[in-house]
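Please keep the sequence and the structure in view while reading.

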Amino acid sequence: MAVKAVFFDVGETLVDETRYWAEHARRLGVTPHVVWAALGATIARGEHHRQVFALLGREPPAEGVVYGDQDFYADALPCLERLRAAGYFVGLAGNQSAQLEEWTRGRQLPVDVVASSASFGFEKPAPEFFERIVAEVGVAAGEVAYVGDRVDNDVAPARAAGLVAVHLLRGPWAYLQDGAEAADLRIDSLDELPEAFARV
């Protein structure tokens, strides 16, 4: 079946989280290097990224850190625009807080739907998260692609749910996790979409 809809993870897929984690470091009173090292440790252990705070013996900042417009990767917005122009249904849905979902929605992006684990009530890699994505579009699961950087939260559960799993080699998880070869498509840049769908 041909891909008719494309959903994207947000952090480290569309948005570079370097500044985001550096801001966490500032609020926690440590250097960014310490936070990035802790993040690497949680990735290596297969733990949730929130374990960073426990590893550092700190509580998450009371006021949530949000992304900034400058954090979008250079290929992100052009890719969304190109997919919409080509007639694809385009959505964003990642494991995000209500505050980050609100920030994303406020950007007036060229997408058909903005959602998150906060509004879905399910967090990746739960099968219900991907079932909800398919329900948002109203087409067969095999006609929906999910693009993300993580094997554990994006590639493996998307494939298990019958979606076309697209692994983007970007961000720490993409480089540190094994299993990316299980993806239906592997890309190095969002510039490769939508032409890459012809390979599925």
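The sections below treat the sheet, the helices packed on it, and selected residues.

## Basis of the model

This is a predicted model, in which local features need pLDDT of at least 70 and side-chain atom pairs count only at pLDDT 80 or more, while totals for chains, interfaces and linings use all residues. Residues are numbered from 1 along each chain as its sequence is written, and side-chain values use heavy atoms, with hydrogens and water left out.

## The sheet

Six strands form an open sheet in the order S3-S2-S1-S4-S5-S6, with parallel pairing. Strands (E, at least two residues) and helices (H or I, at least four) are DSSP runs numbered from the N terminus, and two strands pair if DSSP finds at least two bridges between them. Strand S3 (113–116) and strand S6 (185–187) stand at the edges with a single partner strand each, so one side of each has no neighbour in the sheet. From one strand to the next, the twist averages 20 degrees.

Strands S4 (residues 144–148) and S5 (residues 164–168) pair in the parallel sense over four bridges, and valine 147 stands opposite valine 166 in S5. Four bridges also join S2 and S3 in the parallel sense; here leucine 92 has valine 114 in S3 as its bridge partner.

In S3, Val113 and Ala115 point one way and Val114 and Ser116 the other, and all are buried. Buried means under 20% relative accessible area, exposed over 50%, and partly exposed in between (1.4 Å probe, protein chains only).

Contact means heavy atoms within 4.5 Å. Axes are lines fitted to C-alpha atoms, for helices over the stretch in contact, and angles run from 0 to 180 degrees between N-to-C directions.

Arginine 132 lies in helix H7 and counts as partly exposed because its relative accessibility is 34%. Leaving aside residues up to four places away in sequence, arginine 132 touches Ser119 and Phe120. The C-alpha atoms of arginine 132 and phenylalanine 120 are separated by 7.3 Å, although these residues are twelve apart along the chain.

## An exposed leucine

Leucine 176 belongs to helix H9 (residues 171–176). Its relative accessibility is 53%, so leucine 176 counts as exposed.
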